[in-house]
Amino acid sequence: VIGVLVGTINVDDFWQKVRSDMPPHQSSVYLIDGRGRLLTRLSDGRYRQGDLLTSQPIVRSLLAGHGWHERSSYRGFEGDEVFGVATLIRGLKWGIVSEIPARAIVDPVASSLMTLAAIVMVWHLLFGLLALLLSRRMLGPITALAFAVRQAALGDYSRRLPASRFREINELMIAFNLMIREIEKREKSLGKLSQAVEHAAEAVLITDRHGVIEYVNPAFSHISGYAREEAIGKTPAILKSGMQDASFYADMWKAISQGENWEGELINRRKDGSHYPVLMSIAPILNEGGITHYVAIQQDISERSQLEEQLRHAQKMEALGTLVGGIAHDFNNILAGITGNLYLIQRLAEGQPDMLGRLDRVNGLIESAARMISQLLSFARKDAVQMREIDLAALIRNAMDMVAASIPASIALHVDAGEAPMPVRGDETQLQQMLMNLLANARDALDGRDQPVIEVSLTVCSPDKDFLDRHPAARRREYAMLSIRDNGHGIAPGDMRNIFEPFFTTKKVGEGSGLGLAMVFGAMQTHDGVIEVDSEPDSGTCFRLYFPLVEQGEGCAQSGPEEVLDGRGETILIVDDNVALLEMMREVFGELGYRVLTAANGERGLALYREHRGKVDLVLSDVVMPETGGVQMVEQIRREEPDMPVVFVTGYDRQELLPGYDESNTVIAGKPMQIDQLSHQVRRLLDARLNSGAQA
C-alpha cells in the first residue's frame, strides 16, 4: 500500500445525477444503507434522507441479506400499490429498491385486454350473426317441423313441409310428410268408423278382457235405457233378464275366451224392467299378448219378432181362410139346393097357410145360415162382394138409425160421424155387417156395468211412421178412421191374440158363434183396411177401423125384385158340378116354364151346347168346376155365338174369379140364389137379346 486516498462525495447529489442519466421511467428508485436508512431522497417523496425504512418488508429482506423479487403487488413507500424489485450491493451492504406503480403495469395490460376483449366481442358478434344466419337456414325447417307437429297433435293435418337443401333435414321433412299423410288417412278412416259406430242403429259395447264396459254408443242407451255414464264401469250383467240359464252364458264365455266369435239370440232387460229380444254377436280383440277387449253388437229384433208373429198369424189366418172358404162354398151349394127345393115346395103348398108358415120359418133359418156363411166367406175373403164408392159417413148415420133399436135404452150411445162426406170403396152390406157386429160386442161387454157408454166416431187421419211400421201393408195416404169405444169389461191379455180367429168366443154357450170379429177381420182385408184394438180388463175396449179414402166414386144402384117371373119356353143350358144343385135348378126353371138342358162340367156343357146349336137361348153356369171351368166354357161358346146371354153363379168374390167381366149380356149372381132375383136376371137378359135381334 503506497497510501490512502480519501475523498467525500454527496451521495444524494450523486444519486440524483445517476437518476438523471437514466432513461425516463415511471419507477421510484431508493438507495438504502446497511441499517435500513434512506441514503437518498426523492424530491416528490414522503421520506427524507436518513429516514429509517425498516417498516417495509422489502427493506427487511435487504437487511437479511436477500433480494426481493415478489410477483405480487404491495403497498410501497408512498402508500400506493406497487410492484418492487430489491437488489443487495454486497460489498457496501447497501440495497437498491425500485418500485413501479401497479397501474403503470396493469393499465397497459388492461388496455390490451380491453382491446383484445373488444376484438373478441367483435369476432363473437360476427360469429353470432353468421351462426344466426346458419341457424335460420338450418333451424328454420326444424322450427316449421316442430310447429307442424304441434298442429298435428291438435288434429290439423293440413301442414306440409317444403324441401330443404340440407340432405338430412330434407329426408326428415319427407318422412314427416309421409307420416302425416298416413296419420290423416288413418284418422279419417277411424273418424268414419267412429261416426258409423256412433250413429249405428245397433247397440255397440266394448269391454275389457274381464267384461267391464269401457264404451257404449248412443244406440245402446236408446235401446236399453242406460245412459253412457251408467253403463261404463259396469258389466253386461246389468242387461240380464233371467230368461237365459247359466249354461247359456257359460257356453258364450267359453267360446269368446278361446278367441272365437259368438252369435245368438237372447232376451235382455231394459233399465225400466221391460224385456226385449236381441240378436247379439261378440268378437274378441286379439294382439300378441292374447285377448285385450271384446266387441259386442246387439240388434233389437223386437220389430222383426213382431213381423214374424204377424206373418205366422197371417199364415194361420190364411190357412183357416182356405179351410173355411172350402167348407163355406160347399155349404152354400147345399143351401142353394135347399132354397130351390123350398121354392118348389112353396109353390105346391099354395092355399095351405099352415104349411106356408112352416116353410117361411124354414126360409128364415136358411137366410140365417146364409148370413153365417157370408161371414165365413168374408173372413176367408172369398165372398161375392160388390165394391163401389160409398159415403162412409152417410152409411154410418143411416145404419145407426137401424142399429139403435138393438141397443138398450140404459146404454148411452154417442155417435159423431160428421157432416162432411167420406168416400171409401167398399161393399155396403159388409160395412153394415161390420158395424152391427162391433156394436153387438160392445153392447154385450157392457152387461152389468154402471153408466154404460158406447161412443162411435168417424174422423179423417193421416198415418204416421209408427202406424206404417206397425202395418207394413198400409199406404201413406189419408184414411177414414171409424172408432167404436165402450167402457165395458175389456178383453183379457191372453185372449187378445185370438179374438179374430173363427169360432173363438168368450161368451157363454148360445150367446155367440165366434164369427163376428172373424168376419170383421176378413172384411177389413177385403177393403184394404187396417184394424187396431186397445183393451184392458175392466177399462173398456176400443176398435179402430181404418178405410182408405178415395177422391171420387163411380156410383152404383141396387134394386131387388119381389116376385118370380116365368119363362116363355126358352131353352136354358145349366152347368154345375154339384148334382143335387143341378137337379134342383132343372126342376125350378122347368117349373118356371123353361126348357132345361143340364151338364155336370164345362166340357160336357160345351158338347151339349154344340149338340143343340141354335136352340140354346141362355147359359147359366157355375164358375169353379173340375176339368173345364165355367169361364173357359163360355169363352168357347161366345166364339161361336158372341151375343149368348150368360148368368154366372158363384159364392166367391167376382173380382177374384171374374176380373173385368162387365159385358152387358152377362150377370154374376151369388150363392145361395134367391129364386125371385135370379128369375128377373134371366128374364132381363133374354128380353134384351130378343129386342136386339128384332132391331137387327
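The structure is a predicted model, in which local features require pLDDT of at least 70 and side-chain atom pairs count only at pLDDT 80 or more, whereas totals for chains, interfaces and linings use all residues. Residues are numbered from 1 along each chain as its sequence is written, and side-chain values use heavy atoms, with hydrogens and water left out. The mean pLDDT (the predictor's confidence in each residue, from 0 to 100) of the chain is 80, and 84% of its residues reach 70 or more. Over residues 553-561 the pLDDT is below 50, although this stretch has eight contacts (heavy atoms within 4.5 Å) beyond near neighbours in sequence.

Helices are DSSP runs (H or I, at least four residues), as are strands (E, at least two), numbered from the N terminus. Within α4, the residues I169, N170, M173, F176, N177 and I180 are buried, that is, under 20% relative accessible area with a 1.4 Å probe and protein chains only.

In the loop between β13 (453-461) and α12 (465-470) lies S462, which is exposed (over 50%), with a relative accessible area of 53%. Not counting residues up to four places away in sequence, S462 touches R477 and E478; between S462 and R475, 13 residues apart in sequence, the C-alpha to C-alpha distance is 9.8 Å.
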